[in-house]
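Have a look at the sequence and the model first.

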Amino acid sequence: MKAAMRFLIPFLLVAGLVAGTPAATTSSTTEQALHGKIRQQTGKPPMIVTPDQKAYTVTGDDFTKAQMADSRLNGREIEVDGHFTSATNFEATHLYTIKNGRRYDITYWCDVCSIRTHLPGPCMCCQGPTQLQELPVP
C-alpha cells in the first residue's frame with residue numbers, strides 16, 4: 001500500500017498542476033462594467049465619458065463598434081461589459097442603454113420584415129430603415 005501511495009501522490013500533484021494550468025492562463029483579464037455617456041465626435045472614435053469626466057475609447061466586436069457609432073445613441077447613458085486594455089481603452093463585449101437605473105439591450109427592428117438585429121443600418125431583407133428599440137434585460 002505504501003508503494004502505491006508513493007506513486008499515487010506525485011501523480012495526483014502533477015495531474016492537479018496540469019489541470020490547473022489552462023484556467024490560470026486562459027483569462028488574464030477580469031470582466032468589468034464601465035458606465036457613462038456616449039460621446040461621438042466627427043473624425044474620432046466614439047468614447048464613454050464617466051460621471052467623473054474621464055473619457056475612454058471603446059473597442060469591441062462589429063456589433064459593439066456599430067452601436068457605439070449609432071448617432072441615435074450619442075449622449076445617452078450606457079453601460080458596457082468588458083475589460084480595460086489600457087488606462088484609456090476599454091474592450092467591450094456587450095453594450096446596454098440605461099434608463100432609470102435599469103439595463104436595456106439595444107436592438108434594431110424592421111416593421112416591414114419583422115426582423116430584429118443588433119446592427120444599426122438598413123434592414124438586411126428589404127433595405128428599409130430600422131427602428132432603434134431597447135428591450136429590458138431581465
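## One residue and its neighbours

Start with Ile78. If you skip the neighbours within four places in sequence, Ile78 is in contact (heavy atoms within 4.5 Å) with Leu34, His35, Gly36, Ile38, Ile48, Met68, Leu95, Tyr96, Thr97 and Ile98.

A quick word on what you're looking at: this is a predicted model, where local features need pLDDT of at least 70 and side-chain atom pairs count only at pLDDT 80 or more, while totals for chains, interfaces and linings use all residues. Residues are numbered from 1 along each chain as its sequence is written, and side-chain values use heavy atoms, with hydrogens and water left out.

## The core

Ile78 also turns up in the largest nonpolar core, which has 14 residues. Such a core is a set of buried Ala, Val, Leu, Ile, Met, Phe, Trp, Tyr and Cys residues joined through side-chain atoms within 4.5 Å; buried means under 20% relative accessible area, with a 1.4 Å probe and protein chains only. Leu34, Ile48, Met68, Ile78, Val80 and Leu95 have the most contacts inside this core.

Which elements give two or more residues to the core? They are β1 (32-39), β3 (55-60), β4 (77-84), β5 (89-99) and β6 (102-110), and β5 gives the most, with 3 residues.

## A helix with a buried side

Now for helix α2 (residues 62-69), whose buried residues are Thr64, Gln67 and Met68. They sit on the same side of α2, because they cover an arc of only 100° around the axis (taken from the directions from the helix axis to the C-beta atoms). An α-helix has 3.6 residues a turn, so residues three or four places apart point the same way. The cover over the buried residues of α2 includes β1, β2 (47-49), β3, β4, β5 and β6.

## A buried loop residue

Gln40 lies in the loop between β1 and β2. Is Gln40 buried or exposed? Gln40 counts as buried because its relative accessibility is 18%. A polar atom of the Gln40 side chain lies 2.8 Å from the backbone oxygen of Asp70.

## The whole chain

Stepping back, the protein chain has 2 helices and 8 strands (DSSP runs: H or I of at least four residues, and E of at least two). Of its 138 residues, 30% count as buried.

Technical notes
Buried means under 20% relative accessible area, exposed over 50%, partly exposed in between (1.4 Å probe, protein chains only). A polar contact is a pair of N or O atoms within 3.5 Å; within protein, one must be able to donate a hydrogen and the other to accept it, and residues adjacent in sequence count only if both atoms are side-chain atoms.
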